[in-house]
Structures are given as structure tokens and as C-alpha cells.
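Please examine the sequence and the model shown below before reading the report.

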Amino acid sequence: MFDLDIPFFPEQASTIAVLTDVFTFGVIGLGLIIGIIVVILMISFVVRYNHDTTADRTNPVDEHTTLELTWSFIPLVLVLSIFVWSANIYYNLYNPPSNAINMYVIGKQWMWKIQHPDGQREVNTLHMPVNQPIKLTMTSEDVIHSFYVPAFRIKQDVLPGRFTVMWFEATQTGEHLLLCAEFCGTEHSFMVGKVIVMEPDEYEKWLREGQTALGANAAAPAGQTISGDALFTQKGCVTCHKIDGTQGLGPNLKAVGTQVELDTGDKVDYNEEYMRESMINPQAKIAKGFSNIMPTYQGQLSEEEIILLIEYVKLLNGGK
Amino acid sequence: MNTNITSVSQTHSGTEAAKMPEQHYLNAGYDLKSWLLTTDHKRIAVLYFILITFFFFVGGLFAALIRLELVTPKGDLLTADVYNRVFTAHGAVMIFLFLIPSIPATFGNFLIPLMIGARDLAFPRLNLLSWYVYALSSILFVTVVLLGGVDTGWTFYAPLSTSFANGYVVLTIVAAFFAGFSSIFTGINFIATIHKMRAPGMTWFRLPLYVWGHYATSLIIILGTPVVAIALILIAVERVFRIGIFDPALGGDPILFQHLFWFYSHPAVYIMVLPGMGVISEVIGCFSRKRVFGYKFIAFSSMAIALVGFLVWGHHMYVSGQSVYAGMVFSLITYVVAIPSAIKVFNWTATMYKGTIYLQTPMIYALSFIGLFIIGGITGVVLASMAADVHLHDTYFVVAHFHYVMVGSAVTAYLAAVHFWWPKITGRMYSEFFGKLAAIITFIGFNLTFLPQFVVGYLGMPRRYYDYSFAPEWQIWHAASTLGSTVLAVGFALPVFYLTYSLIYGEIAGQNPWGAKGLEWEEASSPPAKFNFDKMPIVNQEAYAYDTPARGQTHFRGVTSRESLSIPPTSAETSHI
């Protein structure tokens, strides 16, 4: 009835997994040392000072400020050291290396839709190359989900209405569980997929063959029906946002740098989140020198279309 | 220092049998009206006790369904929807109807006036009202469950709760709202009582630490509960009127809800555990026959936990999409709040040093509390660490951790309180043998249930999954946990039988069956009189002055044959100061 290989420890399949494990078991170990000392003391007191023993009970103490300060100060130093260690790992988790490949993830009740940089799409599987940082730009079409790969020790909530970002670098080829960790309704426990880590050349091959050649991806929707540039014309973006170098009513999307100066004088990063916000909530951040005339595209663009447009605009800027 | 002094306080008046007082609060009226319209804090405590015990077992029943479903990897016992409703009901009932009111509404109500030497709480009618509001809330919860339940999880995360969940979300929110008001009433009452109604000589630093625990808890209740009440109302507003507050499709922000929710719901953990820590201080002091070590440090650590505890809520949101820097600040403050908890554990341990220790039932529960709280605390520090939490958030590791705190600590402390003050409340003793047996079974069953969940959580099992057929190798841990939960259920069920039995056949307890210090033991009968004390108690001692004999009549039963031979019984009169 039971599998006799009792699992004690999850596979370590990413660069971060080792760091997380060493950290976690380091903290547990430290805690256990203190905890076990306390328990041993407690048991020895219970035995030694049991009411029917004749142990020495002279000069009992019920106050000792130095002792109190010592056992307040030592744990404080310990937890502050733990904090520095933890913060260091956590900060890196949210700062993807510049050579990371960007992929998009859309969560919806109850599936994961993934889009590769070249436009290939798949559902509930994510093919990726080994030893290559991958950055995921994620959003949800409905409720909050959470993208969780236990073998990588990473997790990030996926929110409707905005992008969240995570990154990881796999160190082992093979299949790893992909789970939704945030309760998202009836079929929450079936919002499960696989991350398939491949050798780089195999991944290239997989990309070229496209999902139709791979039986495992037959469930994926048919290849993209409309391209980003067609969408750019069809949705009327091109009316104001000229791409031929002339100046329109809106900013020229071809000549955007890495930062955008706003009419408030602030500067914001010109990234996926800003582009997304500018389509859904264009009044939020107005580029300097332009007036607040763009209508919202909320409800008129699906999350997939938004991603196509972002990728198209990035292409105009040399793929950045 | 006289080594005999501790022994003298164990006055054993074996010669005169304990007698029930002629007049006490239980026989002050037998008709339904005398109970349902009572303003006596002790009777209201009993009313609470009955309802709360009932809902503890209701919540336990839902837990049993969860554990049964998870024995097999496939979801085969319940459907996905029913499972989601079951775990929501388990969480909501246990938190809103059991844990939050558990110690404050029963033992807080019963004991605070007795401990500080007052006739009643400051606002007796408000106290009765709080029980009725609680009862109303519980009726609404039962209605929700009977109608088919709700499947948002007890956390009500938007936009799932506002735009997607079916179920009776609004009705559940109204129920939680009422439960919140009931605890606000209790909190106001306790603060006013502790400030204004202490007996002459009962200075702040003579208060039992249990009262300090309740004071800190009441502050959290009245400052935090209104916030969650408003957050829940906003959920209802968005759900019913489609006004965009949290759902981005309507222009809202789902993270905002999480901030509002955890601003209360993290301090709520301290509402559950601070009174429990107070209980442990009383029990450790009494059964070590020693003044609790570091009184002021323990008292101030309760206040520190209550205040700093308001600044740590974001540690529930490290992977939610909140800013990395916010995560770091919340993590830092969370580590800081771990220190006062550690201080308490060290102080309890130090209290036993050179004490005179009696391993009676309440003490077994108290020691079990410390052991389980240490594990809850260590795993708490792990989860407060962002690096580990990214992996462990929303897994069974978290489930195991918070059960160590809320069941291992809060419920164990509650049971310690039940067994410590049962003779005071009912005037009867229960079977010491079954009491110890239940305490040990509970400790073993609890660890068998929740230790495996740490492992399966680290393996990656998410919370709120009813099917894990994608990883059937996890089954052994779930099966072990379910097996443990049956042992735990026996441990929780046993007291129902021997305590009920004791009501009728139990030995008469006498005024002070433990040889304990404190006004409730030294100045009030068991059960106490309707207005608690015959005359206004005058306090001229520190709390836990176990180096002086207990006043009043003591019928201490813990003395072994060897001691009763060597120490002549001292009559109660000679030990009176």
C-alpha cells in the first residue's frame, strides 16, 4: 500500500535550493540546541526538585537582572545574524541576473499558461534549459495564484491586475513538480504542472519543433493567432504611437530608453510592469511632454494580448 | 533561609474533611432565567464554557474529515468543493468560536475579578451582552454550515472571496463580525476592571501574571478587531454592490486586503496565546511552590508582545508581491518579537530551579505546553526568515507550525487552566489518574499528528490540497498524521468523561486543593460565593509568595506518605496571617 522509499527531503534542483536548505536547517539546528538545553534543564529540575527529594533548596532566587539581560541579549544577537543571512538570500531572489531569459506566465482557474520568448505557448508544462537563469513575468486572469516549484525552493504569488516577477536557475535536468500554492477555488489541488529542465541544445530543438510536434503539449492552444505588430495596428495603438520616427500624440515607442521621465519629474523604469500599467491605467504615470488623453484598454485587451504587445514594443527597442 | 518554609505552606488538614460552602454561585438559583439573565461573571464564564466546548468539538469534527480525506493521495472521500468548505469551517470555527474567546471569555471572566479582589467585572451587563453576541455569531456560523458552507478559507482572500467564491460569504462575514464585537466587549470590560477595581493593596506589580496576560490581550482585542471588522465589511460591500476595493477587475488592490486582514489576524495569534502564557505562569508557580522567576520581565514581555506584535503582519506576505524592502522590515521586527517569548520560556524554567515540584495534572499540561511552544517558536523563527519562507509559505510546514502554537500551546494552556481551576469553578476534584493520562495522551497524539506535517511540508505539500495524487510518495506522512490525530482525539475526549463524572461523584475540593497562592484560592470558597468574597480582601503580599503559608483553608492532596509522616499537619488557623 505504501511506497517503501520514504521521502524525507525534496530534490535540490536549482542554484537557490542549496542556499535555502543550508539556511533553514542551520536555523532549525540552532533553535534545537537552545530548545534541547531548556528541555534538559526542565527535566533535571523536575527530577531534582521533586517535592519528595531532599535537594538543597537554600537561597532560592526569583530575580536576577543580569541573567535576564543575558538571555535576552544572546538570542537577539542570534536572530539579527539570522536576519542578515536570510535577507541576503531573499534579496537575490528578487534581482534576476541580466542574462536571464524572460518567459511569461498567466495563471487562471485552474491552469498555468506559459509563453516563451519566441512565442511558443504551452499549458501546465514549462520547458526550460538547464544552467540558464530564467525570469518569469507573471499575471493572473482571475484570482490570486502562486507559482511554486518545491525542487527549486521558490514561490511567488501571481496576481490579477499586475505583473510579479521571479527568477531561478535549474541545476538538474528532468521533470519537477509545479504547484499552485495559493488557495484559488474548487480545483486548487489540480492546478498542477511540470517544469521540464532540458539540456540547452534539446531546449533549442524543442523550441524549433514547436509544441505541436511534442505530444505532451497537445493540450496547449493552437499557436498564436495574431502577432504583436498586427495587434498594434488593429487595436489602434499606432494612431498615436508612431513607430516610423515621426512624432504622434503619444510617446514614440521606438525611441524609449531604459527610463521614462514623467510629467512629475520622477523617472520610472521602462519595463514590463510600466508598459502593462500604461495600457490598463494610462493616467497613472504620464510621460513628460504629453497630455493625459489615452483611454484605458482594460477589458479590451486579454492578458495574452498585453504580453504580445509588450513583446512587440520590446522588439522595436531592440528586444530589450 | 528556612528550608522548611515551602513545606509549611503545603498545609494538609487531613483531619477535617473538605466541605462544600453552603452558599455559592452555583446554588444561587437553579431556573433557566437565573442563568440566562445573570450578570454574575462566574455564571457568564460557565455559559461561555459550555458553548466554547461544544464548538471545539464541532471544529474537531471538521479536522477529522480533513485528516480522513488526506489518508489517500486521491481525493476520494469528499468532493473538492466539500473539502474546501470543510477546511474553511474548521479554520473559522476554531479561530472565531473557540480559540479567540477560549481562555479570555471563560477563565478570564471567571478569574479576573477573583484574582484582583473585585465583586464582578466593571460592566456586568456588557459582559452578558458579549455572551449573547457570541451566541448570535455562533448561530449564524451554524446556519452557514447547514446551508452548505463557504469555500474561501478562513482568510477570505480577495478577489476569490469577492468575485469568485460561491458559498455564503456575506453571512459568514456577518458571523465573524459579531464574534469580533463580542470579544471587543470582553476586552473593554477587562481593561476597565483591571484599572479601576483592584482591591486595596493590589498594586500593578502584585497582579498575578495571568492578569497581565489578559491586560495585554485586551489591548490587542480593542485595537485590532475593528480593523478586521472593517476589512471584512469591505469584502461584503465589494461582493454585494460590486464597488471596487480589492478586485483589480473593478479597480481595487488585492494586496490591500491582505494588509488589513493580517494587521488584525497576526496579533490575533497573540490573543490566543498570551492568556495561555498567563495560565502557565500561575501553574508553574503553584506546582513549583516558588515565586515566578523574573516577574517584571514576564509582565513586560506580555506588553512587548502585544505592542510589537502589531508591526509584524507583513511576514504573512513575503511572496505576495509586497515590496522586498517591506518584507525585510517585517522580518526584522518579527525576529525582535521572538525575544519576549523566549524570555518567558527561560523564566518558567528558572522558576523550577530550587522549587518544590508537584507533578499534578495541571503541571503536566504546563510542561507539555513549554515543550510544544519551544517547537512552535523555533519553526516560527524559521518562517520569519524570508529565505526559508519563500519555500515554506502556504505549505504543511506552516500548517504544522501554527498548530504547534494554536493547539500545542494555546489549547494545552486552556486544558491546563481547565484542570487547575476546575476545583475552584465546580468545587469538586476530578480523577488525578485520568487527568494525567489525558495530558500524556494529548502530548503524544499532538506530536504524532503534527511532526509528520513538517516533513511533508518541507517536501512541498501545499495547504488546502485535497488531492496529492501527483506525489503519492507523500502518503506515508499523511497517514502517520491521521493516525496521530486519532490518538489526539482520545486525549481531547477523555476530559469530557472524567470531568463530567467529577461534577457528581468527584471528591469535595475544599477552598484550596493545590495549596496555591492568590486571592481566588486564599480568600474565596470553592465554588466562590455569589459576590466572591465575604469581605473586601486586603492585599499585603507579592503574587506567588510561596515562601509564606497560604491563608484560608487548604486541602492539599499532593503530599506523599513520607512527607505527611515527617511534617505534622498544621491547622489552617495557625497559618493565617
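## Basis of the model

This is a predicted model, in which local features need pLDDT of at least 70 and side-chain atom pairs count only at pLDDT 80 or more, while totals for chains, interfaces and linings use all residues. Residues are numbered from 1 along each chain as its sequence is written, chains are lettered from A and ligands numbered from 1 in the order in which they are written, and side-chain values use heavy atoms, with hydrogens and water left out.

Helices (H or I, at least four residues) and strands (E, at least two) are DSSP runs, numbered from the N terminus. Axes are lines fitted to C-alpha atoms, for helices over the stretch in contact, and angles run from 0 to 180 degrees between N-to-C directions. Helix H5 (residues 124-147) and helix H7 (residues 169-196) of chain B have axes that come within 8 Å and cross at roughly 160 degrees. H5(B) and H7(B) are therefore roughly antiparallel to each other (angles over 145 degrees count as roughly antiparallel). Their contact comprises 17 nonpolar, eight polar and no charged residues. In this classification, Ala, Val, Leu, Ile, Met, Phe, Trp, Tyr, Cys and Pro count as nonpolar, Asp, Glu, Lys and Arg as charged, and the others, Gly among them, as polar.

Helix H4 (residues 80-116) of chain B also packs with H5(B), at an angle of about 165 degrees and with the axes 12 Å apart. H4(B) and H5(B) are therefore roughly antiparallel to each other. On the H4(B) side, the residues that meet H5(B) include Phe96(B) and Pro101(B), and on the H5(B) side Tyr134(B) and Phe141(B) are among them (contact means heavy atoms within 4.5 Å). By class, this contact of H4(B) with H5(B) has eight nonpolar, four polar and no charged residues.

## Helices H8 and H10 of chain B

The axes of helix H8 (residues 209-241) and helix H10 (residues 267-288) of chain B come within 7 Å and cross at roughly 170 degrees. That makes H8(B) roughly antiparallel to H10(B). Among the residues making the contact are Tyr210(B) and Ile220(B) of H8(B), together with Tyr270(B) and Glu282(B) of H10(B). The contact of H8(B) with H10(B) has eleven nonpolar, five polar and one charged residues.

## The second largest pocket

About 1,100 Å³ of space lies in the second largest pocket. A pocket is found on a 1 Å grid over the protein atoms alone, as an open set of points where a 1.4 Å probe fits, with protein on both sides within 12 Å along at least five of seven lines; lining residues have an atom within 4 Å of a point. A volume is the space filled by probe spheres set on the points, which are joined across faces, edges and corners.

Of the 33 residues that line this pocket, the closest to its centre are Tyr94(A), Pro96(A), Lys135(A), Val165(A) and Asn271(A). Elements giving two or more residues to the lining include helix H2 (65-93) of chain A and helix H12 (324-352) of chain B. By class, the lining has 15 nonpolar, ten polar and eight charged residues.

## Local backbone features

A cis peptide bond, with omega about -5 degrees, joins Gln109(A) and Trp110(A). Trp110(A) is in the loop between strand E1 (101-108) and strand E2 (111-115) of chain A. The peptide bond from Ser526(B) to Pro527(B) is also cis, with omega near -10 degrees.

Methods. Parallel < 35°, antiparallel > 145°, perpendicular 65-115°, else oblique.
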